[in-house]
Amino acid sequence: MGTTWQVRLDDAPHEFETIRAALQSAVAEVDGQMSTWKADSALMRFNDAPCGQWHSLPDNLLSVLESGLAISALTGNAFEMNLGDATCAWGFGPAQIDLQAIRAASNLPTIAAAQALRLDRAAGRALKSSPLSLDLCGIAKGYGVDRLAETLRAHGITRALCSIDGEVRALGIRRDGTPWSVGIDTPDSPQRGNHSVVMLEDASLATSGDYRHFLEIRGKRLSHTMNPATRAPLLDAPASVTVMAQSCMHADAMATALVVLGLERGERFAREQGIAALFIGRDGETRQTGHFAM
């Protein structure tokens, strides 16, 4: 997915290379199923597949699609998966920005994934009634972190910190009895200093924002997060939103949705839903909701 993974352990396991290989295999499986950076991933093959037919999909991919649809419904489509063509056209995928592709993506009818996607988990298949360009970058990295954690648990490791890009999950606490310390970046800081530090224990953090991946055109910053309503980069979004949750997949998707909702609506939605979130505005204003402990 165009990024790297990391696992930090307090204790070096006896079978280090075996566990490292298992972790790499878990990440490679997610990448092979859900990446838009691989033309032959299961997701990209489904995007290219004919409409109106059932297509077999791996269970992990179906699980992420199902979760994505649920979060889309909960957030009023603030989290939207059918934006792959727009994301790629604006240069936030494996290809460079393409003005012709931007115009083509902007002229397409706005169809939410929920309108055209049907899943049959029992039979391991999916159907699309209209063309879709699904992009799971707002949820699959978090799922990848969860898979890293599951892999460690399967090898008997209960103390670790797993991360992919800005998504993090802590297993247990450190050997000295303290929680894991996870820094949240100060947006736009040249030194990438910490805005705050979260003490994490058996929980996940995911951050979405435009301070790492963005375009600047005529002095205006364009976020890598797409506006589902316009199929173009968000304007005037919060600098960053960090969500704390048990599942990193859920935190990842919810952070994306709250960025789309914006500072005012996002904070109101988070309070109504009891979501633990930290909002950092463009002017440095900070707002917290739920039990977001720093």
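Here are legends for a handful of close-up views of this structure, which is a predicted model.

**View 1. Helix α7 packs against helix α8.**
Start with α7, which covers residues 140–154, and α8, which covers residues 248–273. Their axes sit 7 Å apart, and the packing angle is about 165°. An angle over 145 degrees counts as roughly antiparallel, so α7 is roughly antiparallel to α8. The crossing of these two helices is right-handed. On the α7 side, the contact is made by Ala-140, Lys-141, Gly-142, Tyr-143, Val-145 and Asp-146. On the α8 side, look for Cys-248, Met-249 and Asp-252. What kinds of residues make up this contact of α7 with α8? They divide into five nonpolar, one polar and three charged.

**View 2. Helix α1 crosses helix α3.**
Here we have α1 (residues 16–34) and α3 (residues 59–74). Their axes come within 9 Å and cross at roughly 70°. That angle makes α1 roughly perpendicular to α3, and the crossing is right-handed. From α1, the residues in contact are Glu-29, Gln-33 and Met-34. From α3, they are Asn-60, Leu-61 and Val-64. Sort the residues of this α1 and α3 contact by class and you get three nonpolar, two polar and one charged.

**View 3. Helix α3 meets helix α8.**
Both partners have turned up already: α3 was in the view with α1, and α8 was in the view with α7. How do α3 and α8 run, roughly parallel or antiparallel? Their axes cross at roughly 0° and come within 10 Å, so α3 and α8 are roughly parallel to each other. Val-64, Ser-67, Ile-71 and Leu-74 are the α3 residues here. They meet Met-249, His-250, Ala-253, Met-254, Phe-269 and Gln-273 of α8. By class, this contact of α3 with α8 has seven nonpolar and three polar residues, with no charged ones. Val-64 of α3 also takes part in the contact with α1, and Met-249 of α8 in the contact with α7.

**View 4. Arg-125 lies over the face of Trp-54.**
Now for some side chains. Arg-125 is at 4.2 Å from the ring centre of Trp-54.

**View 5. Lys-128 lies over the face of Phe-46.**

Definitions and conventions: Residues are numbered from 1 along each chain as its sequence is written. This is a predicted model: local features need pLDDT of at least 70, side-chain atom pairs count only at pLDDT 80 or more; totals for chains, interfaces and linings use all residues. Side-chain values use heavy atoms; hydrogens and water are left out. A charge sits over a ring if NZ of Lys or CZ of Arg is within 6 Å of the ring centre and within 35 degrees of the ring normal. Axes are lines fitted to C-alpha atoms, for helices over the stretch in contact, and angles run from 0 to 180 degrees between N-to-C directions. Helices (H or I, at least four residues) and strands (E, at least two) are DSSP runs, numbered from the N terminus. Angles under 35 degrees count as roughly parallel, over 145 as roughly antiparallel, 65 to 115 as roughly perpendicular and the rest as oblique. A crossing is left-handed if the near helix is turned anticlockwise from the far one by less than a right angle, and right-handed if clockwise. Contact means heavy atoms within 4.5 Å. Ala, Val, Leu, Ile, Met, Phe, Trp, Tyr, Cys and Pro count as nonpolar, Asp, Glu, Lys and Arg as charged, and the others, Gly among them, as polar.
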